Amino acid sequence: MSVLLNTENLSLGYQGEALIEGLDMTLEPQEFLTVVGLTGIGKSTLLRFMAGLQDQEQIGGQFTEKTGLRKAMVFQDYEQIFPWKTVLDNVLVGLEKSTVHLTESKEILMELGLSDKENAYPHTLSGGQKQRVAIARALMRKPELLLMDEPFGNLDYQTRRRNQKLLRKVFEKHAMSILLVTHDLEEAIELGDRVLLLKQAGEHRFYDVDDNAGREARTRLLEELIFELDT
Amino acid sequence: MKRFVRHMAVGLVLIGLWQVIYLSGVYPAVSFPSVTQVVRSLVIELGEGVLGWQLLNTLRTILSGLLIGLLLAVLLVLLWRRKGFLADLVQTLVSVAHPLPGVALLPLLILWFGVGERVIIVMIVHSVVWPLAINLKAGMDAMPDIYNQIAHVFSLSWKTRMLEIALPSSLPYLLSGLKTAWARAWRAMIAGEMIFGVIGEHGGLGTYLFQKRVFMDTPALLAGLLIITVMGILVEDIFFVWVEKRTIRKWGMSR
């Protein structure tokens, strides 16, 4: 199977009540898919389902993923970084402290601009830095699929922009796919190759983002998304 | 250290107050000796060496009890956190046993464990295991759910989850449990000894206090109490502060 994951008519929900209905989607290798939609529409539910976090149920449809798919996840909450571990130990959690891992983690920290923070404890880091530690930790797992749940949702505008650029660079360097949930439409267009818009009652639509399209085309797409969300 | 100095300053004020009461002559000197008498007594007792041995003996017994209690508490909490009959059993056990004073159990403990150091250790373990278990459980319950999600997503092993996540995450609670346990262990130790008398070659501080009471040596009695108080302050203000500085305060987790 060349696609990483595939859903057919997938319905997800809690206690028998569907939140996501009839979703058809595929995710290709090295694709950046962003998911947008109003609050409570089930964006995070979808992501958590794909991460294998068993707090929601599959009500109907099909879900298949590549066997042995390596996944990692970045959450929104700063609490995802363990306060008692240094940056380096957070990145290496659950991994052997071998020379290979140490070298890799240092490279990744450098890539994310955290080289000088290796031995720092999280409470001395800014929110943006904490999120980058979480990204570094995920990258250490060499994921084929990186799941991101509003990773920059708690950051101020400037920091968010900087982290977005960095993430796109990281994405292009590491051969992986990213599924990123966000409520920020601009972020969705900025980062994604494709945008999945979730609407009420199982209605959903995909939008292709043309990287080479000019500012105008992007603005048009943004306006379209805003219009779709409002109706 | 700062706290230690502050506590010492308060101690000095109290000692001054003591001396004032002594000088006022409200109480007979035989039951209310002067500060100098107490200090002289302390120097003599320590100089003879027996009190030092008794203090060491007490500390050793308390630490053994604390260590066993801690291990037991960890085991109990592991069972407690599972759902089902075993968890109910531990919950019931804690509710029933926690309020029971160790001294109240003593007659039964003597029947079961005989007389001697062993029964005192059992009493100490009883005094410390419940507060330790309750605090550790509270700490694990307070652990943010996101840690479990991370453990799941990153397929962390049970060992990593326990040692690298659950334990440090509940450390603030565990430390407060240890402080309670330390104080309770002292009470159990002294109470047990005062009932049994000498344990081992020299006995411990309880034995010391008991003997001084028998001989109506009030200054020496007070010297013994002083030692217990100072030990308490040392451990609270120096040892625990040292541990906290190197752990939860360094990590920004101190609450």
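Q: Why does A:Gln131 count as buried?

A: In this predicted model, buried means under 20% relative accessible area, with exposed over 50% and partly exposed in between (1.4 Å probe, protein chains only). A:Gln131 has 1% relative accessibility, so A:Gln131 counts as buried. Residues are numbered from 1 along each chain as its sequence is written, and chains are lettered from A in the order in which they are written. Local features need pLDDT of at least 70, side-chain atom pairs count only at pLDDT 80 or more, totals for chains, interfaces and linings use all residues, and side-chain values use heavy atoms, with hydrogens and water left out.

Q: Where is the place of A:Gln131, and which residues does A:Gln131 touch?

A: A:Gln131 lies in helix H4 (residues 127-140) of chain A, a helix being a DSSP run (H or I, at least four residues) numbered from the N terminus. Contact means heavy atoms within 4.5 Å. Leaving aside residues up to four places away in sequence, the residues that A:Gln131 touches include A:Phe75, A:Asp77, A:Tyr78 and A:Pro151.

Q: What does the side chain of A:Gln131 reach at 3.2 Å?

A: The side chain of A:Gln131 reaches the backbone oxygen of A:Gln76 at 3.2 Å.

Q: What makes B:Glu164 and A:Lys85 a salt bridge?

A: A salt bridge is a side-chain nitrogen of Lys or Arg within 4 Å of a carboxyl oxygen of Asp or Glu. The closest N and O atoms of B:Glu164 and A:Lys85 are 2.6 Å apart, and the pair therefore forms a salt bridge. The count between chain B and chain A is one salt bridge.

Q: How many residues does the contact take from chain B and from chain A?

A: Chain B contributes 18 residues and chain A contributes 22 residues to the contact. The area buried between the chains is about 1,900 Å², of which carbon and sulfur atoms give 69%; buried area is the accessible area (1.4 Å probe) that two parts lose on being put together, summed over both. In chain B, the most area is lost to chain A by B:Val153, B:Phe154 and B:Trp251, together 32% of what that side buries.

Q: What makes a set of residues a nonpolar core, and how many residues has the largest?

A: A nonpolar core is a set of buried Ala, Val, Leu, Ile, Met, Phe, Trp, Tyr and Cys residues joined through side-chain atoms within 4.5 Å. The largest nonpolar core has 128 residues, and those with the most contacts inside it include A:Leu167 and B:Trp186. Helix H6 (residues 117-141) of chain B gives the most to this core, with 13 residues.

Conventions. Helix = DSSP H or I, 4+ residues; strand = E, 2+ residues; numbered from the N terminus. Polar contact = N/O pair within 3.5 Å; in protein donor to acceptor, adjacent residues only side chain to side chain.
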